[in-house]
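Let's take a look around this one together. Have the sequence and the 3D view ready, and we'll go from the outline to the inside.

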Amino acid sequence: MLTPQIKDKMLAVMQAGVDRSEATGFFRTALGLFYLSSLMTKETLDFKQIDRDYNRFIYHAIGKGHTITSILQYMSGEKVVRVVESKRFLKSFGELCTEVPVESIPFLLGLNLGVAKDISKIDVRGPVADYIERQRQLREEADS
């Protein structure tokens, strides 16, 4: 659920960006990750209402032309990798958005890629899949 506290956290993560482009990327990524993590529930979800709430917040935060759908599309593209590899983003997101552990980012990006593949039949190979694989390898090395 997109509470006023969550909205404030998303805006605070956005402020960690050093320019408009980076700030918008931080916002889109943080909000997309929160959206994806909120789907991990056994509760029945009213997607029409959820998407309406997100789209209203997105419009107020970064203006017209952006929706939760466009944010999820952004999160399956190359630009999101720069965000999730940014030390500023990871620090800000990790400190502010404790509901979504930083360690879950590769899983959530993989979930998003899987949905994108199922819906649009796109080829999911590319920078995001490469990032997910690098993170898996790093995790395995750390565990051994």
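## Overall build

What radius of gyration does the protein chain have, and does it agree or disagree with that of a compact globule? The protein chain comes out at 15 Å, which agrees with the value near 15 Å for a compact globule of 144 residues. That radius is taken over C-alpha atoms, and the globule rule is 2.2 Å times the number of residues to the power 0.38. Along its principal axes, the C-alpha trace spans about 45 × 35 × 30 Å.

A quick word on the ground rules: this is a predicted model, where local features need pLDDT of at least 70 and side-chain atom pairs count only at pLDDT 80 or more, while totals for chains, interfaces and linings use all residues. Residues are numbered from 1 along each chain as its sequence is written, and side-chain values use heavy atoms, with hydrogens and water left out.

## Helices and contacts

The protein chain has 8 helices and 0 strands. Both kinds of element are DSSP runs numbered from the N terminus, with helices being H or I of at least four residues and strands E of at least two.

Look at contacts (heavy atoms within 4.5 Å) with a separation of 6 or more: 66% of them in the protein chain are between residues 24 or more positions apart.

Of the 144 residues, 36% count as buried. Buried means under 20% relative accessible area, exposed over 50%, and partly exposed in between, using a 1.4 Å probe and protein chains only.

The largest nonpolar core has 39 residues, and Met10, Leu31, Tyr54, Phe89 and Leu109 have the most contacts inside it. Helix 1 (4–14) and helix 8 (127–143) are among the helices that each supply at least two residues of this core, and helix 2 gives the most, with 9 residues. Such a core is a set of buried Ala, Val, Leu, Ile, Met, Phe, Trp, Tyr and Cys residues joined through side-chain atoms within 4.5 Å. In soluble globular proteins, nonpolar side chains tend to be buried together.

Start with Met10: leaving aside neighbours within four places in sequence, Met10 is in contact with Phe27, Ala30, Leu31, Phe34, Phe57 and Cys97.

Then try Val84, which sits in helix 5 (residues 78–84). Val84 counts as buried because its relative accessible area is 2%. Gly25 lies 59 residues from Val84 in sequence, but the two are 9.7 Å apart in space, C-alpha to C-alpha.
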